[in-house]
Amino acid sequence: MAYTPKEFQHVTYLWDDAVADKLDPVERLRYRSNLLGSDQRITNTGGGNTSSKITMPDPLTKQPVDVLWVKGSGGDLRTAKRGNFASLVMDKLLSQQAIYDQAVTKGAKTEIEDAMVDLYRHTVYNLNPAVGSIDTPLHGFLPGRHVDHMHPVSVIAIAASADQEALTAEIFGDEVGWVPWQRPGFDLGLVMEAKQQGNPKLKGLVMGQHGLINWADDDKACYELTLTLIEKAARFIEGFDKGAKTFGGQKYESLDEAARTLALLRLLPRLRGMVSNANRFIGTVHTTDAVLQFVNSREAARLAEVGTSCPDHFLRTKIKPLYVDWDPRTETFEALLDKLERGLAAYRADYAAYYETCKHPNSPAMRDPNPTVILIPGIGLIAWGKNKSESRVTAEFYSLAIDVMRSSEAISRYQGLPRQEAFDIEYWLLEEAKLKRQPPEKELARSVVVVIGAGSGIGKATAHRVAREGAHVVCADLSAEAAQKTAQELVGVYGLGIGVAGTGISGCGPAIGLGVDITQRASVQALFEQVVLAYGGFDNVIVTAGIFVPPAKDGHIPDEKWAQTYAINVIGGYLVADEAKKIWQAQGLKGSLVLTTSVNGAVAKHGSVAYDTSKAAANHLVRELAIELAPLVRVNGLAPATVVEGSSMFPRDRVISSLAKYKMPFEESESTEALREKLAGFYAQRTLTKAPITLADQAEMAYLLSSSAFAKTTGQIISVDGGLPEAFLR
Ligand SMILES: [Zn+2]
């Protein structure tokens, strides 16, 4: 190794023998992969792959066979587990060269090359279901027992430079060779094998416009070699860094943080609406110093047009971002919106032209022509994806591309992949097949649902229900702690996803928890501001928050309790709608609002006059709002009846007094849940359907009302009460 562990300055040496030596060979590969993937300077999320050739017994003959363990298709090194690695019997894999050689037409992007991918399944060792990626032959045909293929910023900077071959020789001498850009596949494996056989001293190869691949016969040595080569490249580049003159120097001055946040709050919902004209997108704001240096620079416009270089990058970032030339200090917000509108129209036309020029007779249909990366001076980078994880990955990739451009422009001239090559990756039939294999998008995919009251009861159940339909969920509650707990449960179920990017709350996962007091307009406004910064906007709002104030012993409800009941059950719902309206209108996208009312709004009875009249008012609020928010937003009411299960409205005392009131036998020693069940059973008997009403029943209707199933319904109150004739609306 050229450096001792402590000498690395541009990567972090993490290998620990005490950990690695306890692991079997496959786990050591997993360990090595996780270490490499944990550093974005070494490889990007989802990018690169690792392998080990391990001798193992054949499951039938028990004879030792050589098995190639290699990161499978669609995996991510940072988060990879053993199950993410494919295993192929080496002899079988290598024997496939005979099939390839027999083809009349062969080489990169030929039919036989794509056909080889299907044959890998015939080489599987021990029925391992993990599928090998298109990079598998690179690992199979190179000689080292261990191979790392990474996408390091410092090496891509060389690989994306105009004089990449000469730079490779200058930096690495004869220990690392160079191969020109070629779409990964069987042929590239053979090209690399030939390169290595022509110079057996080679330890690695710089892959033009792509990355690095290197190998060793010992896994720790392979890890150290990977780090060493990346460090070497980074040290070389450092000597040429242009400092303040990077990207031609500064053209625009950044807004200060407060002004930037204000601009984002106004901008994001507008922008989300603009890019979502075909499909809805979820946003991620990424505003690091490096990003700001780029967007504010003189050469940002030129370099943005060159596009991203690494094929892994532009599957997410598209071939290029949309850069908007706007002076944050002297131009108005309206001018920015105008430039964005025109920039987006030009971008879409450009994309359609690129598709028309580059398409083949069998190419898949053109995909969404909107940009996924938008660069604005003074503000930063805004990425868009079909979900939060995708949008974070996109932001990560472009910010890595900025690092690559900075380095490449320091040592040479940065160049992108030729458009046709970019197209042949973006519209690769194998990629299309992968997309087609994905399950169809769920009902609430690409949307953000704000559930107010998500800390407990119906709200919590609703948060879980809409998450199951693919929604990003903002869990809001008077208790921020309870809201965060629900959000954590959701993240626990659905995972944070991949992608390391997002400034502040924008770096969040598929759910967040926030506190809100819906009786205070400022609090509601602050809630929606956080949602906008986190996801770029929102689609549906469901309010389940409410209050039931029991009367005093004399049956009287104190005046201030009347006021509190109305403040929460009526005015709260209005304030939420009124503040949400501003963002719905800015987005211009269809949305839905569900307010929770109650069957008590229609049934007059003793003992709950404040609650019942407030719910009657809420019913009418639904109708008024349905008119006010049409045609953009549908507004409907969910009217539950006595849900006793897990409800904060039924504390033990209320359950006991109700049981006593209805003369139901019970013991003081019984648990609250047991008592609630008893009461729920009693209530059930009063309904037409004779079954207890659960939180899940209510959550189902809150979800359905928000979904396309009720696309033509607005201004309606739907009772979920088991059937109470006295509550029939008429
Ligand atoms: Zn790669």
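Colleague: Which order do the strands follow in the open sheet of 7 strands?
Modeller: The order is β14-β13-β12-β15-β16-β17-β18, and the pairing in this open sheet of 7 strands is parallel. Please keep in mind throughout our chat that this is a predicted model.

Colleague: And which strands are at the edges?
Modeller: The edge strands are β14, covering 511-515, and β18, covering 717-720, and each of them pairs on one side only. Going from one strand to the next, the twist averages 20°.

Colleague: How many bridges join β17 to β18?
Modeller: Strand β17, made of residues 633-640, is joined to β18 by 4 bridges, and the two run parallel. If you want a place to look, find Gly 637, which stands opposite Ile 717 in β18.

Colleague: What does Asn 619 touch?
Modeller: Not counting residues up to four places away in sequence, Asn 619 touches Thr 597, Ser 598, Gly 601 and Ile 717, and Ile 717 is the residue that Gly 637 stands opposite. Asn 619 itself lies in helix α22, residues 609-629.

Colleague: Is Asn 619 buried or exposed?
Modeller: Asn 619 counts as buried, because its relative accessibility is 4% and the cut-off for buried is under 20%.

Colleague: Back to the sheet, how many residues of β12 are buried?
Modeller: Strand β12, residues 448-452, is mostly covered, with 5 of its 5 residues buried. Val 448, Val 450 and Ile 452 point one way from the strand, while Val 449 and Val 451 point the other way, and all are buried.

Colleague: Why do side chains alternate in a strand like that?
Modeller: In a regular strand, the side chains alternate between the two faces of the sheet.

Colleague: Which strand do 5 bridges join to β12?
Modeller: That is strand β13, residues 472-477, which runs parallel to β12. Within β13, Ala 476 is the bridge partner of Ile 452.

Colleague: Which residues have the most contacts inside the largest nonpolar core?
Modeller: They are Leu 267, Ile 452, Leu 527, Phe 528, Phe 538, Val 541 and Leu 593, in a core that has 77 residues. If we leave aside its neighbours within four places in sequence, Leu 593 is in contact with a list of residues including Val 541, Ala 577, Trp 584, Leu 625 and Val 635. There is also a second, separate core of 59 residues, which includes Leu 36, Leu 225, Ala 395 and Met 405.

Colleague: Changing topic, what are the protein donors of the zinc ion?
Modeller: The protein donors are His 149, His 151 and His 210, each through its NE2 atom, and they lie 2.1 Å from the zinc ion. Along the chain, the donors follow the spacing H-x1-H-x58-H. His 149 lies in strand β4 (146-150) and His 210 in the loop between β6 (204-207) and β7 (211-216), so the pair ties together parts that are 61 residues apart in sequence.

Colleague: Are His 149 and His 210 buried or exposed?
Modeller: His 149 is buried, with a relative accessible area of 0%, and His 210 is also buried, with a relative accessible area of 2%.

Colleague: How many aromatic pairs does the structure hold?
Modeller: The structure holds 22 aromatic pairs. In one of them, the rings of Phe 247 and Phe 294 have their centres 5.0 Å apart and their planes at 80°, so the pair is edge-to-face. This pair links distant parts of the chain, since Phe 247 is in the loop between α9 and α10 and Phe 294 is in helix α11, 47 residues apart. Phe 247 counts as buried at 3% relative accessibility, and Phe 294 is buried too, with a relative accessible area of 0%.

Colleague: What kind of pair do Trp 562 and Tyr 566 form?
Modeller: Trp 562 and Tyr 566 form a stacked pair, with 6.1 Å centre to centre and 25° between the planes. They are separated by about one helical turn, because they are 4 residues apart in helix α21. Trp 562 counts as partly exposed at 29% relative accessibility, and Tyr 566 counts as partly exposed at 25%.

Methods
Residues are numbered from 1 along each chain as its sequence is written. This is a predicted model: local features need pLDDT of at least 70, side-chain atom pairs count only at pLDDT 80 or more; totals for chains, interfaces and linings use all residues. Side-chain values use heavy atoms; hydrogens and water are left out. Donors are N, O and S atoms within 2.8 Å of the metal (3.2 Å for Na, K and Ca); water is not among the atoms, so sites may look incomplete. Buried means under 20% relative accessible area, exposed over 50%, partly exposed in between (1.4 Å probe, protein chains only). A nonpolar core is a set of buried Ala, Val, Leu, Ile, Met, Phe, Trp, Tyr and Cys residues joined through side-chain atoms within 4.5 Å. Contact means heavy atoms within 4.5 Å. Two strands pair if DSSP finds at least two bridges between them. Axes are lines fitted to C-alpha atoms, for helices over the stretch in contact, and angles run from 0 to 180 degrees between N-to-C directions. Rings of Phe, Tyr and Trp (its six-membered ring) pair if their centres lie within 6.5 Å; planes under 30 degrees apart count as stacked, over 60 as edge-to-face and the rest as tilted.
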